[in-house]
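Student: I have a model open and want to learn how to read it. Where do I start?

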Amino acid sequence: MGTGDIAIPAFQSLIDSEYNLLGLVTQPDKPVGRKQLLTPPKIKELALQHDLPVWQPEKAKSKAFLTELEALAPDIIIVMAYGQILTQRLIDIPTNAIINVHASLLPLYRGASCIQGPIADGHDQTGVTIMHVVKALDAGDIILQRTTPISPEDTGGSVHDRLAEQTPDALLEALAQLSSGTATRTPQIEEDSTYAPKLLRNDGELDFSRSATELERLIRAYHPWPGTFFPYTDKKGKTKRLKVFPPVSVHSTSHPIGQPLIEDNKLLIGCGDNSTLELTLVQPEGSKAMPASDFLKGNPFG
RNA sequence: CGCGGGAUGGAGCAGCCAGGUAGCUCGUCAGGCUCAUAACCUGAAGGUCAGAGGUUCAAAUCCUCUUCCCGUAA
């Protein structure tokens, strides 16, 4: 069961493996894009290419769907970036195990923004966890984990891709252990758990009262999703959003907080803790992304 | 037709509402100044104003249609 692109390498590895894949459960096609075209998840296309059955229940807890799934009598259910909460009845279906692949080092960063969280918080590593599914979100016993370092240049996108590539190996290892009965179960330490809530577009608004160091990490963590921005007033007096892309640089000079200023053809913004952020790549609403120096040529602030 | 912004020399923009010489900040090239320079001075090249049709003596500008780009929409 999976929907997000991060699950694609893992799914491909299952297709290529000896295991008997019964099919894919993914989210229904959703309207997407400017024209709101109904678009299927990419992973669905992959399943169809290999003639695998695909289920797209509106609600994974619906009786009709659960009955169908029970009829399949799977040994193991694998869940990764599926996007729906699973009921106990579904968890009880597989005869061997139901396992989840989660893109963080649990018990840290349970929840949807598990990739962005550790980058924004300045951790030097993250990873994938494979664990048993229980009713409580991302709280099951751990089978195994794989770590990956976070570099100062890493973005949400780069870490996402690396974790996606790392998953097949970890998953196949966990499956091998489960089928041979050698898998271990390590309970999560509840007191150490943290939660990373689902991100929305507006969560990317930059709060310049925070330090430039924190904001720099946030800008990397939220790239490309959900992106970061701050409001500005254009020449016509309209308030628009200016999207900010990495990389950005941190300076230790002090300026008024949230005040954009131009110095030496560079776009600087004063932040909290006597620090300043230098933006290098921005995108005004209705326009393409451009170097900050280009933006300044025709869009002077004030 | 989901909502909205946009298309003007290589880049970013102004000009459009009140039609009538193609403008600004840069970049490029040439020359000058300088020990020297990404700095400064002078000059030059480079645009079918996205495309098509219409109105007009005259359209970047007004009207209609088309194409393309972007934001929003998880």
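Predicted model: local features only at pLDDT ≥ 70, side-chain atom pairs only at ≥ 80, totals over all residues.

Student: Which residues have a polar atom by a sugar or linking oxygen of RNA strand B?

Tutor: A polar contact is a pair of N or O atoms within 3.5 Å. A polar side-chain atom of Asp294 lies 2.5 Å from such an oxygen. For Ser287, a backbone N or O atom is at 3.0 Å. For Gln283, a side-chain N or O atom is at 3.1 Å.

Student: Which element gives the most residues to the surface near RNA strand B?

Tutor: Helix H8 does, with four residues. Strand S10 (239–251) and helix H8 (292–298) are the elements that give two or more. By class, that surface has 12 charged, seven polar and three nonpolar residues.

Student: How many aromatic pairs does the structure hold?

Tutor: Two. Planes over 60 degrees apart count as edge-to-face. Phe208 and Phe230 pair edge-to-face, with 5.3 Å between centres and 80 degrees between planes. Phe208 sits in the loop between H6 and H7, and Phe230 in strand S9, so their pair ties together parts 22 residues apart in sequence. Tyr232 and Phe295 also pair edge-to-face, at 5.9 Å centre to centre and 80 degrees. Tyr232 is in S9 and Phe295 in H8, so this pair links parts 63 residues apart in sequence.

Student: Are Tyr232 and Phe295 buried or exposed?

Tutor: Both are buried. Phe208 and Phe230 are buried too.

Notes:
Residues numbered from 1 in each chain as written. Chains lettered and ligands numbered in written order. Heavy atoms only, no water. Polar contact = N/O pair within 3.5 Å; in protein donor to acceptor, adjacent residues only side chain to side chain. Nonpolar A, V, L, I, M, F, W, Y, C, P; charged D, E, K, R; others polar. Phe/Tyr/Trp six-rings, centres within 6.5 Å; stacked < 30°, edge-to-face > 60°. Buried < 20%, exposed > 50% of the residue type's maximum accessible area, 1.4 Å probe, protein only.
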